Amino acid sequence: MDLRTTGHVPRLPDQYPGRPRPSAAQFRFRRGVLGVALLALVVLAGGLLGRPAPAPVPRLVWAFSPTSNTVTVKVTRPAGTSGQLVLAQSRLAVSAGSGQPERWSAAGATVRVPVAPGRQTSLLIRLTGPQSLTQTVTVTAPPPLRLVASRGAVGQWLVDMSSPLRVPSARVLCGTDQVSLAAPAQLALSDGGTACRARLHLTARDGEQASVPVVIPALPRASRPAVDRLYCFASPAGGAVYITIDDGWIPSAHVLAIMRRTHVPVTAFLIQKAARENLGYWRAFAAAGGLIADHTVSHPNLTRLPLRRATAQWAKDRAVLGRWFGQTPDLGRPPYGAFNRKVEVAAARGGLLALAGWSASMSGDTIRTWDGRPLRAGEIVILHWVPGLGGQFAALLAQISALHLHPAPLTLASFTGITSQQRTLSGD
């Protein structure tokens, strides 16, 4: 059909096939529901726009200072003017456990609470005001830095502390007595030839501080000795015993964890070839206060080698360990305890100043001493870096503590006034 000629416009059908047309009543009902819904939306939007925004929530922050053994607590200021109002209407309270008085402050200030060194302390922090908060913080403070022993050595006075120390600032005591770090937990005070009374202000690596009085007598001066002896015992001063661990083929994460927690001094007599395989571990060992000593390049029986080769075993191990760890060893231990005059001469030519044997070892979790008696002050204990060392080490420390003895770093000064032996007492 041609619409242009007829002028007729077709009408659309009033309803789709199969779908009935709503009645007038249904139409009015639907229109009413829609109106109610629109009205509800308008009311809801108005309520939301008229409701005040929630008050901003402050945040608690805290920090522990091992230098002063205090915990500092404060409240951060929320953003905006409303945040300032919240802070102005709030108070901060901190207590260090039941029975302890609360320390109060305006929320914008800080609260400082002292905690005991060497202990775990739980702090209850409360913020009262428009936005109340309660939080418990647990702080573990490192053990206090304390004096273990002090004694004279050749031309110097040695001070042993309970924890590894930070390098002391360059200074002198009593005019000419230089202060230096002889071992991680040991200071050496050079003797100026006259008696001296002074006070050392020391800081441990963990941040603990101590002020230690020292009395330095006028010690006779002497040159450093050449190696002509081997020691199986060391100074018993202060109930000291000396823990040494040989070889280095199988490092122990358990031993390192205990050292980091307790700061117990340990001397590792390292074979160069063994140490090379786990340099990262040995650097962590040294950082935890461990001492590194010479146990030759490849652990041969030095009594069976020509003097030239025995000297090279000592010298090369000593030089490489010094390059790896930043401190060249002065102390060595002959492999297998094999010892004679040639081994001494080779050690001296290799740059060592003393050789260390041992007087006690571990059999399982039992200490075995050279004479079958209980472990005594001055004894040197030998262990080895083998599987299960962590358990042996923990058992040894428990027995040392039960005997009221104290692990001490094994250094050249440890042999001052001690009689040397002609051979090691036993072992490998």
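Reader: At what angle do helix 4 and helix 9 pack, and how far apart are their axes?

Author: The angle is about 35 degrees and the axes are 7 Å apart. Axes here are lines fitted to C-alpha atoms, for helices over the stretch in contact, with angles running from 0 to 180 degrees between N-to-C directions. Helices (H or I, at least four residues) and strands (E, at least two) are DSSP runs, numbered from the N terminus.

Reader: And what's the model behind this?

Author: It's a predicted model, where local features need pLDDT of at least 70, side-chain atom pairs count only at pLDDT 80 or more, and totals for chains, interfaces and linings use all residues. Residues are numbered from 1 along each chain as its sequence is written, and side-chain values use heavy atoms, with hydrogens and water left out.

Reader: OK, back to the helices. Which residues meet there?

Author: From helix 4 you have H254, V255, I258 and M259, and from helix 9 L389, G390, G391, F393, A394 and L397. Contact means heavy atoms within 4.5 Å.

Reader: How many of those are nonpolar, polar or charged?

Author: The helix 4 and helix 9 contact has 7 nonpolar residues, 3 polar and no charged.

Reader: What about the largest nonpolar core, how many residues has it?

Author: That core has 36 residues, and those with the most contacts inside it are I243, W282, F285, W385 and F393. Elements giving it two or more residues include helix 4 (253-262), helix 6 (279-287) and helix 9 (389-402). A second, separate core of 29 residues includes A293, L305, W314 and L352. A nonpolar core is a set of buried Ala, Val, Leu, Ile, Met, Phe, Trp, Tyr and Cys residues joined through side-chain atoms within 4.5 Å. Buried means under 20% relative accessible area, exposed over 50%, partly exposed in between (1.4 Å probe, protein chains only).

Reader: How many aromatic pairs are there?

Author: There are 8. Rings of Phe, Tyr and Trp (its six-membered ring) pair if their centres lie within 6.5 Å; planes under 30 degrees apart count as stacked, over 60 as edge-to-face and the rest as tilted.

Reader: Why does the Y231 and F415 pair count as stacked?

Author: Because the ring planes are at 10 degrees, with the centres 4.4 Å apart. Y231 sits in strand 15 (residues 230-231) and F415 in the segment after strand 24 (406-407), so to speak distant parts of the chain, 184 residues apart. Y231 is buried at 9% relative accessibility, and F415 is buried at 5%.

Reader: And what's the geometry of F285 with W385?

Author: Edge-to-face, 5.9 Å centre to centre, with 80 degrees between the planes. F285 lies in helix 6 and W385 in the loop between strand 23 and helix 9, so the pair ties together parts 100 residues apart in sequence. F285 is buried, at 0% relative accessible area, and W385 is buried at 2%. Ring pairs also link Y281, W282, F285 and W385 into a cluster.

Reader: Changing topic: where does A149 lie, and what does it touch?

Author: A149 lies in strand 8 (residues 147-153) and is buried, at 10%. Leaving out residues up to four places away in sequence, A149 touches L158, V159, D160 and A237.

Definitions and conventions
Ala, Val, Leu, Ile, Met, Phe, Trp, Tyr, Cys and Pro count as nonpolar, Asp, Glu, Lys and Arg as charged, and the others, Gly among them, as polar.
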